Structure formats: C-alpha cells, structure tokens
Amino acid sequence: MSQVKSVFRLDMTESSENFFKDTRFLGVSAAIKSYQFCWMLNYYLGYNFRLNPNNQIRLYRSNRHYSFNVYEEKLVNGNESFLYHNHCDGEFLLPELNKIDFIWMIKGKNILEQQYQTIFTTLKMQKSVVLVTKLEIDSLKSKSNLLL
C-alpha cells in the first residue's frame with residue numbers, strides 16, 4: 001500500500017494585492033542613520049514616525065538572521081505611512097534596490113497628488129538626502145518582503 005504525500009502551498013497573491021492597494025512608494029538614499037532620518041521627516045514634514053517593534057521584518061539569508069526596522073505613522077485622514085530601513089549588516093530587504101536606504105510607503109485612499117509631490121520636493125531639498133525616486137511596486141521582484 002503506497003502512501004500519498006500532500007503538499008500545500010500558501011498563495012499570497014491576494015494578500016499581496018490587498019496590502020499594496022492604494023499605496024505610493026518613494027525610495028530615498030540618505031547618508032544618515034534611520035532615527036535621524038525619521039527625526040528629519042518629523043521635523044520638516046510634520047510627521048510623527050515611531051519605531052514599531054511589532055512590525056520589524058525578519059529574514060533568514062546566508063545562514064544568518066536579519067532584522068529590518070519599520071517606522072510607522074497613522075494619520076488623521078485615515079492614511080498610514082511606513083518607513084522601511086532597506087539594509088541590515090550588508091543585506092538588503094529589497095536586493096534590487098541596493099542603492100536605496102529607505103523605502104517610504106504611503107497607504108490610503110486619501111493620498112492627494114499635491115501632498116505626494118510636496119513630500120518628494122521637500123525630501124530632495126534636504127542636505128543629507130542624496131536621492132529621492134518614485135517607485136512602482138509592480139516592478140519590484142521582492143515586494144513580498146514588505147508585507148507586514
């Protein structure tokens with residue numbers, strides 16, 4: 001009598017689509033530490049980013065554990081912002097963005113183009129910011145690493 005082994009696979013496609021619905025992304029390269037970058041956003045843009053240890057992303061690569069910090073801000077208008085630190089000890093959360101230090105996800109139905117453009121422009125004017133770029137989530141291979 002032969003035994004049949006069942007293999008189950010978790011399909012994250014729908015969860016991923018729901019998570020990334022109504023989102024916009026910015027990639028930022030800045031020659032400062034993550035807490036300094038958050039302070040800058042809080043001071044110059046009026047945000048209140050705080051480190052949320054419950055949202056820390058843990059990955060296991062090359063026989064090592066890596067932890068990527070995620071800062072969070074919930075806005076009055078129902079939008080949320082998440083700031084991902086893209087690197088940890090030489091490893092990247094999104095390896096295809098190895099020149100980007102921070103990934104800023106703005107999530108919500110009330111994202112106004114003017115607000116998004118103001119954020120983009122203000123970041124570009126900061127001395128410690130080297131690069132700001134708008135990211136298209138569909139073009140990222142490892143976007144599932146951003147799921148919280």
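This report describes the fold, the helix packing and selected residues of a predicted model.

## Basis of the description

The model is predicted; local features need pLDDT of at least 70, side-chain atom pairs count only at pLDDT 80 or more, and totals for chains, interfaces and linings use all residues. Residues are numbered from 1 along each chain as its sequence is written, and side-chain values use heavy atoms, with hydrogens and water left out.

## Overall architecture

The protein chain contains three helices and ten strands. Helices (H or I, at least four residues) and strands (E, at least two) are DSSP runs, numbered from the N terminus. Read from the N terminus, the order of the elements is α-β-α-β-β-β-β-β-β-β-β-α-β.

Of the 148 residues in the protein chain, 44% are buried. Buried means under 20% relative accessible area, exposed means over 50%, and partly exposed lies in between, with a 1.4 Å probe and protein chains only. Contact means heavy atoms within 4.5 Å. Among contacts between residues at least 6 apart in sequence, 62% join residues at least 24 apart.

## Packing of helices H2 and H3

Two packed helices are described by the angle between their axes and the distance between the axes. For helix H2 (residues 34–45) and helix H3 (residues 113–125), the axes come within 11 Å and cross at roughly 120°. Axes are lines fitted to C-alpha atoms, for helices over the stretch in contact, and angles run from 0 to 180 degrees between N-to-C directions. H2 and H3 are therefore oblique to each other. In this scheme, angles under 35 degrees count as roughly parallel, over 145 as roughly antiparallel, 65 to 115 as roughly perpendicular and the rest as oblique. The crossing of H2 past H3 is right-handed; the term applies if the near helix is turned clockwise from the far one by less than a right angle, and left-handed applies if anticlockwise.

On the H2 side, Phe37, Met40, Leu41 and Leu45 meet Ile119, Thr122 and Leu123 of H3. The residues of this contact divide into six nonpolar, one polar and no charged. Ala, Val, Leu, Ile, Met, Phe, Trp, Tyr, Cys and Pro count as nonpolar, Asp, Glu, Lys and Arg as charged, and the others, Gly among them, as polar.

## Each helix in turn

The twelve residues of H2 should span 16 Å at 1.5 Å a residue, and the end C-alpha atoms of H2 are 16 Å apart, which agrees. The expected span of a helix is 1.5 Å times one less than its number of residues. Ser34, Phe37, Cys38, Met40, Leu41 and Asn42 are the buried residues of H2. Just after H2, Gly46 takes a positive phi of about 75°.

H3 has 13 residues and reaches 19 Å from its first C-alpha to its last, close to the 18 Å expected. Its buried residues are Tyr116, Ile119, Phe120, Thr122 and Leu123. The cover over these buried residues of H3 includes strand S1 (23–30), H2, strand S9 (102–107) and strand S10 (129–135).

Ser29 is found in strand S1 and is buried, with a relative accessible area of 7%. Leaving aside neighbours within four places in sequence, Ser29 is in contact with Lys99, Ile100, Asp101, Ser128, Val129, Val130 and Leu131. The C-alpha atoms of Ser29 and Asn98 are separated by 9.8 Å, although these residues are 69 residues apart along the chain.

Ser142 belongs to the segment after S10 and is buried, with a relative accessible area of 14%. Not counting residues up to four places away in sequence, Ser142 touches Leu93, Leu94, Pro95 and Glu96.

## Loops and exposed positions

Two aspartates have a positive phi. Asp22, in the loop between helix H1 (13–19) and S1, has phi near 60° and counts as partly exposed at 33% relative accessibility. Asp89, in the loop between strand S7 (87–88) and strand S8 (91–92), has a positive phi of about 50° and counts as exposed at 57% relative accessibility.

Glu17 lies in helix H1 and counts as exposed at 54% relative accessibility. Gly78, in the loop between strand S5 (70–74) and strand S6 (80–85), counts as exposed at 53% relative accessibility. Gly78 and Gly108 are 30 residues apart in sequence and 6.6 Å apart in space, C-alpha to C-alpha.
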